[in-house]
Amino acid sequence: MNERFRRIRAVFEFELDLSFPFPVAEALSIALGVFVAMSIVMESTNFWFLVSPSAFANSLELERIMYQVIHVDFHLLSLPLFSMTILSIIAIPMLCAFRVAGPLENGVLRAMLSYPIKRRELLILKGIEIMVLICLPITGGALVAIVLFNGLIVGFESLLVIISFWTLAFTILSSSFLLSVITKSSAKAAFSGIAVWTALLLVGMFAKIPVVLRGIPNPVILTLSFFGGFPFGNQYNTDPVLNDVLVSIIVNLLIGIITFLASIRYFKRVEI
Amino acid sequence: MPIVASVWFRVRGEQHLNDGNVLSVSNLSKNFGKIVALDKLDLRMDHGIFGLIGPNGAGKTTLLRILLGLIRTDGGQAKVLGMDVNQDSFEIRRRIGVLHENPIYPASLTVGRFIDRVSKLYQTRRDPGELLELVGLIDAKERKIGALSAGMRQRLGVAQALVGKPELVFLDEPTSNLDVMARRDLLNAILNVHEEEGVSFCIISHVLSELERVCSDVAFINAGKTIVAGSTNEVINQFSSNRYTINVSDPRMLHDELLNNANVERAEVTGTKTMTVSLRSDDHGAILAEIEQLARSKGIKVFEIERTKSLEEAFLEVMRRE
């Protein structure tokens with residue numbers, strides 16, 4: 001077991017070093033986290049970062065701002081998380097194409113798989129890397145903002161939104177991996193990944209189908225809609241219930257798992 | 001290296017000679033669409049240094065990719081160190097080292113860090129410092145790979161192929177981009193590693209003079225088939241036996257005279273004072289005497305006639321017959 005763990009750790013370090021220098025990944029993660037935290041705070045304070053410095057001299061004005069700041073609650077998660085959903089639909093397919101199809105294209109993967117590295121392990125490690133790179137800072141940023149201004153009570157709603165975001169990110173990642181190993185071209189994989197998820201997002205938002213089906217391609221919007229109390233849908237039932245939310249998250253996750261297993265299976269047979 | 005370790009490595013390497021071949025390929029086929037890359041290829045490699053030779057597109061790299069488990073075969077069987085390439089690819093890669101042609105390395109890493117990272121992928125590994133010393137890169141240990149010259153990168157490639165204490169090493173064009181001195185050093189290093197540690201090498205190269213120097217066995221492949229295989233000396237003797245190099249005062253004139261000679265299969269001008277001839281009959285002495293007499297009668301001075309014996313000549317001869 002120790003030997004296996006040592007080897008997987010070595011593969012992970014090697015993969016990370018070979019793919020891109022570590023400071024780049026760190027910088028990207030930190031930037032994302034800060035971005036989410038700032039967007040939550042800015043939404044809660046009517047963009048008080050843009051208020052002139054003189055406002056801070058006025059004690060009444062400062063009190064008003066502070067009052068707004070402490071009223072950060074679940075609703076404040078809506079816009080940043082929705083924005084992150086859109087960002088993920090673009091960023092994750094591009095990252096996957098860059099990390100899987102790119103090395104397939106330029107021969108890096110041929111060199112890597114000449115070492116004692118298992119294809120399955122390599123793909124899983126790449127998946128973990130991308131999930132950590134995208135989801136961890138976003139979740140971290142959101143949680144830090146909530147905890148800082150709202151205390152340690154994060155709430156079931158916020159947790160479920162974050163879970164739905166992770167689920168969606170994983171499903172986008174799985175499908176992008178599959179597209180990457182099928183196309184073996186970073187440009188084709190990135191473009192088709194973004195196109196597929198944009199289409200699914202639009203279907204989820206505007207198609208005349210039951211709300212639970214609409215939530216499957218994008219459980220984040222459904223969850224936000226349910227807890228935020230704003231309608232989500234078109235003609236059919238527009239007010240989702242908790243069951244709809246849970247079903248959409250579970251089905252989305254299952255699709256992600258099946259697609260990920262398919263991409264591993266296909267990757268094992270890919271000619272490099 | 002300590003004597004005990006040296007003996008252990010030798011025994012470990014020679015074990016495969018007793019068990020069978022280090023590499024054995026039979027009836028191996030691979031098609032890419034309509035292109036036939038390997039056509040029922042047969043090949044055997046014993047413990048030692050083996051040279052794989054063939055023109056561009058002969059199927060050498062495809063064969064290497066199959067042996068590494070990077071692509072699947074369409075038919076036939078291939079075994080490396082007694083293990084099937086389709087079933088035991090991971091185990092094979094734990095016990096071999098590879099240098100690809102035009103390899104890509106992370107430009108932002110230092111030489112030392114890269115070798116260290118690669119070494120951790122293996123269960124048994126060499127000391128990175130000792131390895132860099134062996135390939136002459138110890139002074140560049142702290143340099144980034146992106147700042148290395150083409151020759152230094154090639155040496156780094158050889159180092160990473162040897163880092164996991166492999167039993168068999170595949171080297172695809174190991175001396176490309178190296179100057180004469182570096183080539184000689186690298187070949188000496190390969191010979192040393194083979195002799196001291198019992199590591200087998202399969203070298204794919206177009207520089208046949210180098211292969212002739214280091215390889216105990218060679219195989220020529222063309223259009224996905226093995227044409228000739230055997231010990232280097234046997235192959236050279238078999239396919240260079242009717243070729244002679246003649247030093248003359250006017251090779252062009254003698255070439256023209258020999259064009260219609262029934263005993264001369266082929267004549268070629270190779271320099272300002274040299275030419276080669278391939279003889280048709282086995283009575284070489286009589287034919288050479290006839291050529292010498294013909295030259296003298298035309299006022300051409302013949303300085304020297306000697307049998308051409310090299311792997312390159314043998315390869316050219318085999319390709320001509322193909």
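This is a predicted model: local features need pLDDT of at least 70, side-chain atom pairs count only at pLDDT 80 or more; totals for chains, interfaces and linings use all residues.
Let's start with chain A. It has 12 helices and zero strands. Of the 272 residues in chain A, 42% are buried. And here's something about how the chain folds back on itself: take the contacts in chain A between residues at least 6 apart in sequence, and 80% of them join residues at least 24 apart.

Now, where do the chains meet? The contact uses 20 residues from chain A and 19 residues from chain B. On the chain A side, helix H1 (2-19) and helix H6 (108-112) are the elements giving two or more residues. What kinds of residues are they? That side of chain A splits into 12 nonpolar, three polar and five charged.

Next, the inside. In soluble globular proteins, nonpolar side chains tend to be buried together. Here, the largest nonpolar core has 131 residues, and Phe165(A), Ala169(A) and Ile203(B) have the most contacts inside it. Helix H8 of chain A, residues 156-183, puts in the largest share of this core, 14 residues. Both domain 1 and domain 2 of chain B also supply at least three residues each. There's a second, separate core too, with nine residues, including Val248(B) and Ile287(B).

Which residues does Ile203(B) touch, if we leave aside neighbours within four places in sequence? Among them are Ile49(B), Phe50(B), Gly51(B) and Leu52(B), plus Leu171(B) and Cys215(B).

Some of those names sit in strand E3 of chain B, residues 49-53, so let's go there. Five of the five residues of E3(B) are buried, so this strand is largely enclosed by the rest of the structure. In a regular strand the side chains alternate between the two faces of the sheet. For E3(B), Ile49(B), Gly51(B) and Ile53(B) are on one side, Phe50(B) and Leu52(B) on the other, and both faces are covered. Which strands does it pair with? One is strand E8 (residues 200-204) of chain B, which runs parallel to E3(B) and is joined to it by four bridges. Within that pairing, Phe50(B) has Cys202(B) as its bridge partner. E3(B) also pairs with E9(B), again in the parallel sense, over four bridges. There, Gly51(B) stands opposite Val218(B).

Last stop: the two domains of chain B. The assignment gives domain 1 (3-231) and domain 2 (241-321). Their C-alpha centres lie 38 Å apart. They do touch, though: 11 residues of domain 1 are in contact with six residues of domain 2. On the domain 1 side, H8, E9 and E10 of chain B each supply at least two residues, and H8(B) gives the largest share, four residues. That side is made up of eight nonpolar, two polar and one charged.

One more helix to look at is H9(B), residues 232-240. Its buried residues are Thr232(B), Val235(B), Ile236(B), Phe239(B) and Ser240(B). Why are they on the same side of H9(B)? Because they cover an arc of only 100° around the axis. They pack against several elements of chain B, including helix H8 (208-214), strand E11 (243-248) and helix H12 (311-321).

That's it from me, thanks!

Notes: Residues are numbered from 1 along each chain as its sequence is written. Chains are lettered from A and ligands numbered from 1 in the order in which they are written. Two residues are in contact if their C-beta atoms, placed from the backbone, lie within 7 Å. Ala, Val, Leu, Ile, Met, Phe, Trp, Tyr, Cys and Pro count as nonpolar, Asp, Glu, Lys and Arg as charged, and the others, Gly among them, as polar. A nonpolar core is a set of buried Ala, Val, Leu, Ile, Met, Phe, Trp, Tyr and Cys residues joined through C-beta atoms within 7 Å. A residue is buried if 20 or more other C-beta atoms lie within 10 Å of its own, exposed if 12 or fewer, and partly exposed in between; C-beta atoms are placed from the backbone. Domain bounds come from an automatic or database domain assignment. The arc is that of the directions from the helix axis to the C-beta atoms. Two strands pair if DSSP finds at least two bridges between them.
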